[in-house]
Amino acid sequence: MTALDSAVQAPPSASRVLDRCRELVRPALADAVGRLHPWVGEMAAYSFGWCEIGGAPAVAPGGKGVRQALAVLGAEAAGAPGRAGVGAAVAVELVHTFSLLHDDIMDGDTARRRRPTVWKAYGTGPAVLAGDALFALAVETLAAAPGGAPALRLLSAALADLVRGQADDLLFSTRPWTGPERVRPEEYRAMAEHKTGALLGCAAALGATLGGAPETMAAALDRAGRHLGIAFQMTDDVLGIWGDPAVTGKPVHGDLRERKRTFPVLAALSSPAAERLAVLLDTGETVAAAALIEEAGGRTATLAEARRHTAAAKSALAGVPLAPGAAAQLRLLLDHLLRRDL
């Protein structure tokens with residue numbers, strides 16, 4: 001076998017899978033955004049990294065395209081060509097971006113991907129309007145796709161879960177670190193499934209549905225995406241405390257300064273170090289708090305839990321007859337997203 005033969009037969013890397021799916025989806029996504037009011041469209045394009053404030057072209061860091069890839073691979077897993085999942089990919093990417101615009105306002109975040117957030121760049125009111133427009137455009141896009149009615153029902157259910165998860169996440173910050181009213185790890189898991197997992201599962205299920213998959217296959221892909229969402233959120237939590245700012249674009253110990261009830265914190269608060277940790281968190285001693293969380297096993301417990309949910313996602317995929325190539329690429333993405341920059 002020649003080196004060229006080996007290269008041709010080698011499985012694609014996760015980054016190549018993501019790139020391929022983004023390239024397939026980008027023209028349809030740009031076409032959808034182009035139908036918006038010009039000012040709103042500029043804010044949308046800015047959020048995707050396509051332009052600067054004012055509309056000048058730019059090549060800024062965009063998202064990873066995970067949801068787009070899940071929609072395309074969902075269609076391919078059902079035996080359809082990847083383009084059958086493009087409508088689902090566009091709709092889910094629009095909804096995801098809508099949720100980020102509103103989340104940044106609710107959380108008061110001033111930067112995303114090393115650029116000012118949309119509300120910081122254009123104002124709170126305009127950012128809310130842009131988010132609303134993206135949501136409406138997502139519904140319009142999916143309604144126009146063949147088989148759009150069942151797909152819209154899937155999207156509606158995922159949106160309801162997303163709102164539920166965001167509400168819980170906001171309310172967690174009002175609860176004490178310790179005592180009977182503290183946030184429990186199982187409550188966190190439910191929040192992460194709703195806030196992050198619902199849309200990931202929806203992306204894969206929507207792609208499969210538009211690709212002609214039976215309900216059992218779409219449901220299995222939805223379950224896999226939900227488990228992936230929990231693992232993804234937990235990995236984010238680790239990066240939010242110990243990640244390299246040069247890689248994550250976030251300040252070191254940022255989640256601790258913002259007093260977020262992340263899984264490493266909750267795991268450590270279930271240990272004998274709970275009272276000491278609560279004092280450090282209340283007084284803003286983030287360096288000492290991060291060290292104590294690690295010492296109490298918070299980081300180890302979080303990564304172990306993320307691995308458990310990744311395994312559960314793979315089990316869900318193994319339970320249905322997916323097209324082999326797409327199934328392999330889905331598993332590749334699962335491993336890639338768990339390992340990122342840890």
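1. **Ground rules.** Because the model is predicted, local features need pLDDT of at least 70 and side-chain atom pairs count only at pLDDT 80 or more, while totals for chains, interfaces and linings use all residues. Residues are numbered from 1 along each chain as its sequence is written, and side-chain values use heavy atoms, with hydrogens and water left out.

2. **The main core.** The largest nonpolar core holds 77 residues, and those with the most contacts inside it are Leu36, Leu70, Leu94, Leu221, Leu322 and Leu330. Helix 5 provides the largest share of this core, ten residues. A nonpolar core here is a set of buried Ala, Val, Leu, Ile, Met, Phe, Trp, Tyr and Cys residues joined through side-chain atoms within 4.5 Å. Buried means under 20% relative accessible area, exposed over 50%, and partly exposed in between, with a 1.4 Å probe and protein chains only. Helices (H or I, at least four residues) and strands (E, at least two) are DSSP runs numbered from the N terminus.

3. **Leu322 and a second core.** Setting aside neighbours within four places in sequence, Leu322 is in contact (heavy atoms within 4.5 Å) with Ala77, Met217, Leu221, Leu317, Ala327 and Leu330. There is also a second, separate core of 19 residues, with Trp242, Val265, Ala274 and Leu277 among them. As background, nonpolar side chains in soluble globular proteins tend to be buried together.

4. On a 1 Å grid over the protein atoms alone, a cavity is a set of points where a 1.4 Å probe fits but cannot get out; a pocket is an open set with protein on both sides within 12 Å along at least five of seven lines; and lining residues have an atom within 4 Å of a point. Grid points are joined across faces, edges and corners, and a volume is the space filled by probe spheres set on the points. By this rule there are two cavities of 30 Å³ or more.

5. **The largest cavity.** This cavity has about 170 Å³ of space. It is lined by 14 residues, of which Tyr46, Ser47, Arg112, Arg113 and Val118 are the closest to its centre. Helix 3 (38-47), helix 5 and strand 2 (115-116) each give two or more residues to the lining, and helix 5 gives the most, with four. The lining divides into six nonpolar, four polar and four charged residues. For these classes, Ala, Val, Leu, Ile, Met, Phe, Trp, Tyr, Cys and Pro count as nonpolar, Asp, Glu, Lys and Arg as charged, and the others, Gly among them, as polar.

6. **The second largest cavity.** About 70 Å³ of space lies here. The lining includes Leu70, Leu221 and Leu330, which are also among the residues with the most contacts inside the largest core. Helix 9 (185-210), helix 10 (215-242) and helix 17 (324-339) each give two or more lining residues, and helix 10 gives the most, with four. By class, the lining has ten nonpolar, one polar and no charged residues.

7. **Two backbone angles to look at.** Arg113 has a phi near 55 degrees, a positive value in a residue other than glycine, and Arg114 has a positive phi near 65 degrees. Most residues other than glycine have a negative phi. At 27% relative accessibility, Arg113 counts as partly exposed.

8. **The second largest pocket and Trp50.** This pocket has a volume of about 340 Å³. Of its 19 lining residues, Arg22, Arg26, Phe48, Trp50 and Gly62 are the closest to its centre. Helix 2 gives the most to the lining, with four residues, and the classes are six nonpolar, eight polar and five charged. Trp50 is found in the loop between helix 3 and helix 4 (66-77) and is buried, with a relative accessible area of 18%. Beyond four places in sequence, the contacts of Trp50 include Arg26, Leu29 and Pro57.

9. **Gln166.** Gln166 lies in helix 8 (residues 148-172) and counts as buried because its relative accessibility is 6%. A polar contact of 3.3 Å joins the side chains of Gln166 and Asp103. Such a contact is a pair of N or O atoms within 3.5 Å; within protein, one must be able to donate a hydrogen and the other to accept it, and residues adjacent in sequence count only if both atoms are side-chain atoms. Not counting residues up to four places away in sequence, Gln166 touches Asp103, Met106, Asp107 and Lys195.
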